[in-house]
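The points go from the whole chain to single residues.

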Amino acid sequence: MTLAAYAADPKHSQGRRFDEKPSRFRNEFQRDRDRIIHSTAFRRLEYKTQVFVNHEGDLYRTRLTHSLEVAQVGRSVARALQLNEDLTEAVCLAHDLGHTPFGHAGQHALNDCMRDYGGFEHNLQSLRVVDELEEKYPQFKGLNLTFETREGILKHCARRNARELGDVGRRFLDGTQAGLEAQLANLADEIAYNNHDVDDGLRSGLITVAQLNDVALFGRHYHAARRDHSDAPDRVIVYETIRRMIGELVHDLIEHSAARLRDAPPRSIDDVRAADEHYIGMSDTVLDAHRELKRFLHANLYRHPKVVRMSDTADHTIRTLFALYLEEPARMALTGTAKDPAREVADYIAGMTDRFAFREHDRWLQTSKD
Ligand code: MG
């Protein structure tokens, strides 16, 4: 597969923090992807909430299946644009490694707990996981990934944190861009979750086809699918609708990005980084339709009373655990001698699965009552 001149080339990677011998059979980005898949944090994604808490049903997305869907969308687009598919896959698979248990409710609660201790950002935490927290190699902390994969994982970052990060934080200070594979992974994430949340939302019964038919992107494809397959069961029409929505978004993303890359072709990844704006993106019309769907999900699914009730439980669980561990670090089965005890607690909580967090919460509250 030929790479475009502006794609990330593993032979010209900016390298790893600790030098390693090249592999005989895998390029540097393939190695990164393999390290991510073998990490402990990756396996834990199986038991972390996307929208629905893991025990609410076996068919809902978890952060693991979400990450796989993001990688699938990302790889298709990367291949069509002659970008680096291995790098795109690595970034997509790693993008949520730093996510707390209980989805956004957990992230919000932990951020609040950490307010006086430097805050908590899940993108930065994903980078911390691969740079510091995974303990897999005798020679170094973390997974020692390439600059390009680390750059892609760090989607957002506050300036005060970017200053501490050296090379990988620089673009947040000087306003330059990430490589195209990183730009793409970000959009693959949005396309994946908007569509799978429609599926999970309908399955849960918290949102309905009637409501969704008022959303242009869904309504248009639903009516066309119904017209084309009048005998098909409702559930299949919903799948067909989602398939068509993903198709429209992905095709538009490929075509619009390809046109931009054709109009002002960057000669190299350095040109991409120095550009004023992103090259990878959807057309304005499709982006508007996509955003309308996103607003619908915010208003009707993520803020649905049943989801909010679970979010309140999650919020309470995280806050209680944070206070318990900070008060008595021995509860974490760690030494408690860290220079920054609050950060150690945040790392510990962020690494938890939903069910482990619930178990710990019950266990320590039980002991303090005894
Ligand atoms: Mg995600």
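1. The model is predicted, not experimental. The protein chain holds 18 helices and 0 strands, and the remarks on packing below therefore concern helices, as the assignment is made from DSSP runs.

2. Overall dimensions. The C-alpha trace spans about 65 × 50 × 35 Å along its principal axes. For 370 residues a compact globule would have a radius of gyration near 21 Å, and the value for the protein chain is 21 Å, so the two agree.

3. Burial, surface and contact range. Of the 370 residues in the protein chain, 53% are buried. The accessible surface is about 17,800 Å², and carbon and sulfur atoms account for 50% of that area. When contacts between residues at least 6 apart in sequence are considered, 70% of them join residues at least 24 apart.

4. Helix 5 against helix 16. Two packed helices are described by the angle between their axes and the distance between the axes. For helix 5 (residues 103-113) and helix 16 (residues 305-327) the angle is about 35° and the axes are 8 Å apart. The crossing of helix 5 with helix 16 is right-handed. Helix 5 contributes Ala105, Gly106, Ala109, Leu110, Asp112 and Cys113 to the contact, while helix 16 contributes Ser311, Ala314, Asp315, Ile318, Arg319 and Phe322. By class, the residues of this contact are 7 nonpolar, 2 polar and 3 charged.

5. Helix 3 against helix 13. Here too the packing angle is about 35°, with the axes of helix 3 and helix 13 (residues 234-263) 10 Å apart. Helix 3 passes helix 13 in a crossing that is right-handed. The contact consists of Val73, Val77 and Ala80 from helix 3, together with Val250, Leu253 and Ile254 from helix 13. The residues in the contact of helix 3 with helix 13 comprise 6 nonpolar, no polar and no charged.

6. Helix 17. Helix 17 (residues 341-350) is mostly covered, with 8 of its 10 residues buried. Those buried are Ala342, Arg343, Glu344, Val345, Ala346, Asp347, Ile349 and Ala350. What do they pack against? The partners of the buried residues of helix 17 are helix 5, helix 6 (122-133) and helix 16. Helix 5 and helix 16 are also the pair described in point 4.

7. Helix 1. In helix 1 (residues 28-37), 8 of the 10 residues are buried, which leaves this helix mostly covered. The buried set is Glu28, Phe29, Arg31, Asp32, Arg33, Asp34, Arg35 and Ile36. These buried residues pack against helix 2 (40-44), helix 4 and helix 7 (147-153).

8. Positive phi values. Most residues other than glycine have a negative phi. Glutamine 82 has a positive phi, near 55°, and is found in the loop between helix 3 (63-80) and helix 4 (85-94). Phenylalanine 102, likewise not a glycine, has a positive phi of about 65°, and its place is in the loop between helix 4 and helix 5. Are these two residues buried or exposed, fully or partly? Glutamine 82 is partly exposed, because its relative accessible area is 34%. Phenylalanine 102 counts as buried, because its relative accessibility is 4%.

9. Leucine 180. Leucine 180 lies in helix 10 (residues 180-204) and is buried, with a relative accessible area of 0%. Not counting residues up to four places away in sequence, leucine 180 touches Tyr6, Leu83, Leu261, Val272, Tyr279 and Ile280. From leucine 180 to tyrosine 348 the C-alpha to C-alpha distance is 33 Å, and the two residues are 168 apart in sequence.

10. Leucine 365. Leucine 365 lies in helix 18 (residues 354-369). Its relative accessibility is 27%, so leucine 365 counts as partly exposed. Leaving aside neighbours within four places in sequence, leucine 365 is in contact with Thr320 and Leu324. Leucine 365 and leucine 324 are 41 residues apart along the chain, and their C-alpha atoms are separated by 8.9 Å.

Methods: Residues numbered from 1 in each chain as written. Predicted model: local features only at pLDDT ≥ 70, side-chain atom pairs only at ≥ 80, totals over all residues. Heavy atoms only, no water. Axes fitted to C-alpha atoms, helices over the stretch in contact; angles between N-to-C directions. Helix = DSSP H or I, 4+ residues; strand = E, 2+ residues; numbered from the N terminus. Left-handed = near helix turned anticlockwise from the far one by under 90°. Contact = heavy atoms within 4.5 Å. Nonpolar A, V, L, I, M, F, W, Y, C, P; charged D, E, K, R; others polar. Buried < 20%, exposed > 50% of the residue type's maximum accessible area, 1.4 Å probe, protein only. Rg over C-alpha atoms; globule rule 2.2 N^0.38 Å. Areas by Shrake-Rupley, 256 points an atom, 1.4 Å probe, with all protein chains shown as cover.
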